[in-house]
Amino acid sequence: MPRARTTRTPCPNSEVDTVYHTINTCQASEYLARLHLLYTSDPTDDTRDELLKACLARLKKTVRYHVHCRGICPSFMEPEAFADDSWSLSIEKFWRGMCSLHRPKQIPAWLDRVAYSAVVEEYRSRVRRVKGCPVRLEGIEKEVQSDGD
């Protein structure tokens, strides 16, 4: 079994850093696994909602960690806006893949992979260049129509 990484990645946003390292503990992983087992043994609306709430919370915090602390963000975008876009993509990926999970112990690692792949995919879609053509960033401005006054 690989050793756990003990050194923290320095993060300019200490709130995001603290939250990520708090959710990335054994207790948080065991909590998700326990919720999954509870839901599969007794699939009620309450257990489903609790499981989804915990999964989405971890997913959002992991996306924010990758954007704010690991610096996966295009230089021309505000990190908060990019994190919101990546969060939307990660929810989509989460819903598509949730039915394929059969081992509760894999949920935390799977959520981390979903968050990372969503951030990287969003990054690539933002900075993708069309072959043979340079990328031009232009502002979108509203045309102001004058009334002729």
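Which residues in α3 meet which residues in α4? Before selecting them, note that this is a predicted model, in which local features need pLDDT of at least 70, side-chain atom pairs count only at pLDDT 80 or more, and totals for chains, interfaces and linings use all residues. Residues are numbered from 1 along each chain as its sequence is written, and side-chain values use heavy atoms, with hydrogens and water left out.

Select L52, C55, L56, L59, K60, V63, R64, V67 and H68 in α3, and then P79, E80, F82, A83, S86, W87, S90, I91, F94 and W95 in α4, which they meet (contact means heavy atoms within 4.5 Å). By class, this contact of α3 with α4 has 13 nonpolar, three polar and three charged residues (Ala, Val, Leu, Ile, Met, Phe, Trp, Tyr, Cys and Pro count as nonpolar, Asp, Glu, Lys and Arg as charged, and the others, Gly among them, as polar).

Next, show helix α3 as residues 45-68 and helix α4 as residues 79-97, whose axes lie 9 Å apart and pack at an angle of about 140°. The two helices, α3 and α4, are therefore oblique to each other (angles under 35 degrees count as roughly parallel, over 145 as roughly antiparallel, 65 to 115 as roughly perpendicular and the rest as oblique).

The contact is made on the α4 side by residues including F82, D85 and S86, and on the α5 side by residues including W110, L111 and V114.

Definitions and conventions:
Axes fitted to C-alpha atoms, helices over the stretch in contact; angles between N-to-C directions. Helix = DSSP H or I, 4+ residues; strand = E, 2+ residues; numbered from the N terminus.
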